[in-house]
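Here is a short tour of one protein model. Look through the sequence and the structure first, then read on.

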Amino acid sequence: MGVEDRIEELEEKLQKTPVNKATEKERGRIKSQIAKLKEKKQKLAKGTGDTSGYAVEKRGDATVALVGFPSVGKSTLLNELTNAEVDTGAYEFTTLEVNPGMLKHKGANIQILDVPGLIGGAADGRGGGTQVLSVVRNADLILIVLDPEEMREKEITDEVYKAGLRMNKKPPNVRVEKKDRGGINVSSTVDLDIQEDTIQDLMYENGYTNAEVIIREDLGLDRFIDALMDNRKYLPGIKVINKADMIDDRSEFDEYDLLISAETGEGLGELRDMIFEKMGLLRVYMKEKNEEPDKDEPLILREGDTIEDALEFLPGDMKDRFKHARVTGPSSKFPEQKVGLEHELEDEDILQLTLRHI
Ligand SMILES: Nc1nc2c(ncn2[C@@H]2O[C@H](COP(=O)(O)OP(=O)(O)OP(=O)(O)O)[C@@H](O)[C@H]2O)c(=O)[nH]1
Ligand SMILES: [Mg+2]
């Protein structure tokens with residue numbers, strides 16, 4: 001039996017299994033088997049798939065992937081946000097390859113990838129979906145573009161989910177440590193909904209015989225299985241409704257991040273800011289002693305980055321010659337605060353380095 005048939009069979013079995021405590025172990029096992037088979041299938045598809053036209057080098061400080069059904073206006077949006085000039089059209093599947101463009105915002109170079117429109121079944125390989133989704137996987141942010149006249153939102157988010165991508169979710173707070181003996185030991189800092197023997201079973205199912213499992217959040221079966229799979233990717237996402245110029249009743253779309261119009265330019269300023277912020281990008285202005293900071297070309301870092309991370313982006317030997325830094329701005333307690341390598345930087349900090357002479 002092929003991988004596909006086996007998945008189908010298991011999915012049918014799962015549907016027939018009632019959801020209650022008594023069946024939890026069984027459901028866990030089926031879900032875990034499905035997850036593993038899907039991973040296998042994706043690997044197989046990758047091995048044979050034709051990726052020509054899809055291989056795009058990552059450039060700039062961060063990458064955004066535009067995801068949506070055909071004709072929602074992805075290419076029009078790419079052209080408006082970046083230097084790109086790609087074809088757009090009133091018919092579906094105008095775009096058949098990945099088109100990159102560069103958005104310059106707040107001193108950052110943000111690469112935007114317009115990928116071919118997704119279709120239902122994309123995660124299973126329909127319409128070149130596997131390749132499209134592998135481009136999305138490599139991005140730092142997913143920008144879902146929806147058409148107000150034909151939302152089909154769940155179809156899109158389902159494909160993204162099935163490809164192992166988890167949008168706006170933190171990785172599960174689960175730690176697994178392999179041991180030499182002692183079986184599977186589960187400990188948790190919160191009350192757990194899943195039963196302990198279900199967890200043990202899932203661990204065996206995934207090839208562990210001796211391990212310590214520490215769980216720090218109350219999670220369901222799916223999220224626990226996510227914690228055991230290597231191919232899950234957690235990344236930020238934004239959902240926008242395009243073609244705002246065509247909408248009569250805007251209140252219907254209150255739950256979305258933003259209403260935009262790639263045609264009239266409405267909302268695009270806010271979208272640029274939102275992209276920058278959601279990716280957790282920071283601007284750090286470098287300054288030489290007794291000089292003004294360089295505000296035109298900030299160093300672009302990520303939330304949580306330290307002085308040590310900043311040094312990685314600077315010319316070679318600065319790290320070896322580092323003595324200390326002085327920071328003025330949101331992360332400093334007072335101007336020109338003297339700090340070391342582990343100091344965390346914030347957006348719009350001014351950074352001055354003192355280096356050893358060699
Ligand atoms: N009214 C209106 N039409 C828009 C807007 N943005 C795009 N369109 C139109 O929608 C149609 C599809 O736009 P594209 O940018 O080609 O859509 P796409 O998502 O790239 O489509 P595929 O490449 O086929 O996946 C074109 O006729 C655009 O002119 C908008 O904000 N408002
Ligand atoms: Mg297009």
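## The nonpolar core

The largest nonpolar core has 59 residues, and A65, L66, V67, I142 and L143 touch the most other members. A nonpolar core here is a set of buried Ala, Val, Leu, Ile, Met, Phe, Trp, Tyr and Cys residues joined through C-beta atoms within 7 Å. A residue is buried if 20 or more other C-beta atoms lie within 10 Å of its own, exposed if 12 or fewer, and partly exposed in between, with C-beta atoms placed from the backbone. Strand 4 gives the most to this core, with six residues. At least three residues come from each of domain 2 (62-169 + 233-278) and domain 3 (284-355). In soluble globular proteins, nonpolar side chains tend to be buried together.

This is a predicted model, in which local features need pLDDT of at least 70 and side-chain atom pairs count only at pLDDT 80 or more, while totals for chains, interfaces and linings use all residues. Residues are numbered from 1 along each chain as its sequence is written, and chains are lettered from A and ligands numbered from 1 in the order in which they are written.

## The whole protein

The C-alpha trace spans about 70 × 60 × 45 Å along its principal axes. Of the 358 residues, 32% count as buried. The protein has 10 helices and 16 strands. Helices (H or I, at least four residues) and strands (E, at least two) are DSSP runs, numbered from the N terminus.

The domain assignment gives domain 1 (3-48 + 172-228), domain 2 (62-169 + 233-278) and domain 3 (284-355). Such bounds come from an automatic or database domain assignment. The C-alpha centres of domain 2 and domain 3 lie 34 Å apart.

## Strands and their partners

How many residues of strand 1 are buried? Six of the six residues of strand 1 (residues 62-67) are buried, so this strand is largely enclosed by the rest of the structure. A62, V64 and L66 point one way, while T63, A65 and V67 point the other way. In a regular strand the side chains alternate between the two faces of the sheet.

Two strands pair if DSSP finds at least two bridges between them.

| Strands | Sense | Bridges | A facing pair |
|---|---|---|---|
| Strand 1 and strand 3 (residues 108-114) | parallel | five | A65 and L113 |
| Strand 1 and strand 4 (residues 141-146) | parallel | four | V64 and L141 |

Five strands form an open sheet in the order 13-12-16-14-15, with mixed pairing. Strand 13 (299-302) and strand 15 (337-339) stand at the edges, each with a single partner strand, so one side of each is left without a neighbour in the sheet.

## Two helices

Six of the eight residues of helix 7 (residues 221-228) are buried, so helix 7 is largely enclosed by the rest of the structure. The buried ones are L221, F224, I225, D226, A227 and L228.

D158 sits in helix 5 (residues 153-162). With 15 C-beta neighbours inside 10 Å, D158 counts as partly exposed. D158 and G120 are 38 residues apart in sequence and 8.6 Å apart in space, C-alpha to C-alpha.
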